[in-house]
Amino acid sequence: MPTRYARILNTQFGNRLLPFPLKVPAFDSYLYWHANAEADPANAWLRQQLLQSLRDVASSVLQTR
């Protein structure tokens, strides 16, 4: 679970957050959508939100290494 998400969930429980004990290899992620959705503004917005979220997570992971 990403640390940021774990901290949000943990506020109500007070559990200890520990780093994952195993080394996890990097992996590629891909977004796919139907060609009919290419020009749809809502779909484009959602894709941009997903990409930004993934970039934020990747950036935070790289900073903690």
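Modeller: Helices are DSSP runs of H or I with at least four residues, strands are runs of E with at least two, and both are numbered from the N terminus. This is a predicted model, where local features need pLDDT of at least 70 and side-chain atom pairs pLDDT 80 or more, while totals for chains, interfaces and linings use all residues. Residues are numbered from 1 along each chain as its sequence is written, and side-chain values use heavy atoms, leaving out hydrogens and water.

Colleague: Thanks! Where is leucine 50 placed, and is leucine 50 buried or partly exposed?

Modeller: Buried means under 20% relative accessible area and exposed over 50%, with partly exposed in between (1.4 Å probe, protein chains only). Leucine 50 sits in helix α2 and counts as partly exposed because its relative accessibility is 39%.

Colleague: How far from arginine 47 is the nearest side chain of opposite charge?

Modeller: A salt bridge puts a side-chain nitrogen of Lys or Arg within 4 Å of a carboxyl oxygen of Asp or Glu; Lys and Arg count as positive, Asp and Glu as negative, and His and the chain ends are not counted. Arginine 47, in helix α2, is buried without a salt bridge, and glutamate 38 is the nearest opposite charge at 4.2 Å.

Colleague: What does the side chain of arginine 47 make a polar contact with?

Modeller: Polar contacts pair N or O atoms within 3.5 Å; within protein, one must be able to donate a hydrogen and the other to accept it, and sequence neighbours count only if both atoms are side-chain atoms. The partner is the side chain of asparagine 43, at 2.2 Å. Leaving aside residues up to four places away in sequence, arginine 47 also touches Leu31, Trp33, Ala37 and Glu38, where contact means heavy atoms within 4.5 Å.
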